[in-house]
Amino acid sequence: MRQLIYLLIGLILFIACFPIEEKKLSDKSAMIELGHFLFFDKDLSWDRSKSCASCHDPQLGFVDGYKRALNGNAEVLLRNTSSTLNMQNRTIFGWSNPSISSLEKQMERPLFATHPVEMGLKGKEGEIVKRIMQKEQYASLYQKAFSVDIKQLEFQEIVDCIVSYEFKLQSRNSKYDQFSKSRDTGILSVSERNGMNLFFSASLSCSACHGGLDFDRAASGDQFANTGLYNCDNSYPIADLGLQSHTGNKDDNGKFRIPSLRNVMITSPYYHDGSESNLERVIENYERRGRNNKSLDCFGDGALHPSIDHRLKSFTLSYDERKDLIAFLNILTDTSYLNQYFFNDPFNWNSL
Ligand code: HEC
Ligand code: HEC
């Protein structure tokens with residue numbers, strides 16, 4: 001009996017010394033709402049110059065229209081901005097790093113990158129938390145999201161809320177989606193239908209790589225591909241070797257992740273470095289199974305690059321067929337989201 005009492009006292013003391021950490025409750029829809037504000041908040045960059053939405057602009061299909069993104073000092077970043085729409089089924093984010101497999105991990109790049117700086121928050125997390133804490137918009141939203149006072153805000157929660165918001169950025173209401181649901185070919189013009197048949201044909205084999213719901217999933221094989229855009233002495237330009245810079249494998253030279261083709265009509269310029277500004281040129285590059293590069297810093301025929309992807313076919317289109325293929329790409333456009341508060345800048349919603 002006495003032993004039992006000692007044991008009980010011991011247990012009580014133990015619990016008193018190591019209280020089970022009180023976990024904050026979280027309300028998912030309030031977190032999403034909070035993430036919505038944070039995504040559009042320039043105060044999330046150190047010099048208050050850029051929000052996520054500065055580069056991922058709803059008006060432009062959540063990209064920025066630049067060849068390669070610009071930071072707050074107008075320094076050019078390595079890559080062309082990709083869209084944050086329709087991330088739900090994705091397992092790899094960004095153009096070429098296979099280890100970025102979650103949105104949380106992806107966000108480290110804009111928040112903390114230093115070469116060059118994007119939002120410039122490396123080592124400044126604590127100060128940003130204070131900054132956000134002091135803004136009037138956030139107090140009640142935070143209370144709603146985590147059931148505690150905003151004084152308890154942690155940096156990780158900022159990341160979690162933005163991720164919750166990003167996951168909801170879904171826009172799959174294009175003319176093509178309407179056709180897919182109804183299977184009613186009557187809603188497509190003759191040109192759009194011809195273009196669709198070309199896109200899915202074995203001779204063009206676009207869908208061998210641009211497959212799945214979002215046209216970013218290869219039917220088989222690698223999710224990264226070298227499409228023959230460069231060949232400077234058997235290599236892509238040294239500044240950006242694509243997958244090779246992460247794996248160290250020479251065979252991965254010039255391989256980039258297959259991008260989604262949703263909204264491609266409004267997300268020019270194209271490719272990982274924004275090096276093509278119209279779709280006619282992109283299609284011509286596919287026709288000859290690579291791009292003949294005449295720029296002086298990288299002179300050479302991409303079609304002869306040793307790692308060119310074997311899923312690419314060479315083909316020749318007539319003028320009309322090329323137009324048809326573009327007409328098909330055009331029906332992947334969906335900007336109906338622009339009418340919705342959720343997809344727009346919440347700080348300026350009333351004035352829009
Ligand atoms: C200065 C411009 C800039 C800012 C600011 C920025 N991004 Fe990006 N974003 C880019 C670029 C460029 C890429 C492509 C990066 C790469 O793959 O090399 C990208 C890629 C992404 C992707 C991957 C999309 C895909 O198709 O895989 C996501 C998700 C994303 N950004 C979210 C965010 C979030 C969230 C923020 C704010 C915390 C943010 N970005 C801020 C330029 C920016
Ligand atoms: C071997 C796989 C593969 C095949 C086949 C393929 N693509 Fe691509 N596509 C890619 C990759 C990878 C990129 C990105 C290349 C880069 O930036 O270096 C891309 C980029 C694009 C882009 C630019 C998208 C953007 O946002 O930058 C368009 C448009 C496009 N492809 C259309 C097509 C069409 C049309 C076909 C059929 C004629 C096709 N693709 C066949 C892999 C493929």
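This is a predicted model: local features need pLDDT of at least 70, side-chain atom pairs count only at pLDDT 80 or more; totals for chains, interfaces and linings use all residues.
Serine 51 sits in the loop that runs between helix 2, residues 28-39, and helix 3. Its side chain reaches the backbone nitrogen of alanine 53, at 3.2 Å. If we leave aside the neighbours within four places in sequence, serine 51 is in contact with Phe39, Phe40, Asp41, Lys42 and Met119.

Let me move on to ligand 1. It is surrounded by 28 residues, and the closest of them are Cys52, Cys55, His56, Arg90 and Gly94. Which protein atom is a donor to the iron atom of ligand 1? The only protein donor is the NE2 atom of His56, at 2.1 Å, and histidine 56 is found in the loop between helix 3 and helix 4.

There are also polar contacts around ligand 1 to look at. An N or O atom in the side chain of arginine 79 is 2.9 Å from an oxygen atom of ligand 1, and a polar side-chain atom of arginine 257 lies 3.3 Å from an oxygen atom of this ligand. With tryptophan 95 it is a backbone N or O atom that lies 2.7 Å from an oxygen atom of ligand 1. As for the elements that give two or more residues to this shell, they are helix 3 (52-55), helix 4 (103-112) and helix 7 (155-167). Helix 4 provides the largest share, six residues. Sorted by class, the shell around ligand 1 holds 14 nonpolar, nine polar and five charged residues.

Now please turn to ligand 2. Which residues coordinate its iron atom? They are His210, through NE2, and Tyr286, through OH, at 1.8 to 2.1 Å. Histidine 210 lies in the loop between helix 9 (190-200) and strand 1 (224-225), while tyrosine 286 belongs to helix 11, residues 279-287, so this pair ties together parts that are 76 residues apart in sequence.

An N or O atom in the side chain of histidine 210 is 2.9 Å from a nitrogen atom of ligand 2, and for the side chain of tyrosine 286 the distance from an N or O atom to a nitrogen atom of the ligand is 2.6 Å. In histidine 272, a polar backbone atom is 2.7 Å from an oxygen atom of ligand 2.

I would like to finish with the backbone, beginning with the cis peptide bonds. One joins histidine 115 and proline 116, with omega about -10°, and proline 116 lies in the loop between helix 4 and helix 5 (125-133). Another runs from serine 268 to proline 269, with omega near -5°, and proline 269 has its place in the loop between strand 2 and helix 11.

Lastly, consider positive phi values in residues other than glycine. Alanine 74 has phi near 60° and asparagine 86 has phi near 55°. Alanine 74 is in the loop between helix 3 and helix 4, and asparagine 86 also lies in the loop between helix 3 and helix 4. Alanine 74 counts as exposed, at 53% relative accessibility, whereas asparagine 86 is buried, with a relative accessible area of 5%.

Terms used: Residues are numbered from 1 along each chain as its sequence is written. Chains are lettered from A and ligands numbered from 1 in the order in which they are written. Side-chain values use heavy atoms; hydrogens and water are left out. Donors are N, O and S atoms within 2.8 Å of the metal (3.2 Å for Na, K and Ca); water is not among the atoms, so sites may look incomplete. Helices (H or I, at least four residues) and strands (E, at least two) are DSSP runs, numbered from the N terminus. A polar contact is a pair of N or O atoms within 3.5 Å; within protein, one must be able to donate a hydrogen and the other to accept it, and residues adjacent in sequence count only if both atoms are side-chain atoms. A residue is near a molecule or strand if one of its heavy atoms lies within 4 Å of it. Ala, Val, Leu, Ile, Met, Phe, Trp, Tyr, Cys and Pro count as nonpolar, Asp, Glu, Lys and Arg as charged, and the others, Gly among them, as polar. Contact means heavy atoms within 4.5 Å. Buried means under 20% relative accessible area, exposed over 50%, partly exposed in between (1.4 Å probe, protein chains only).
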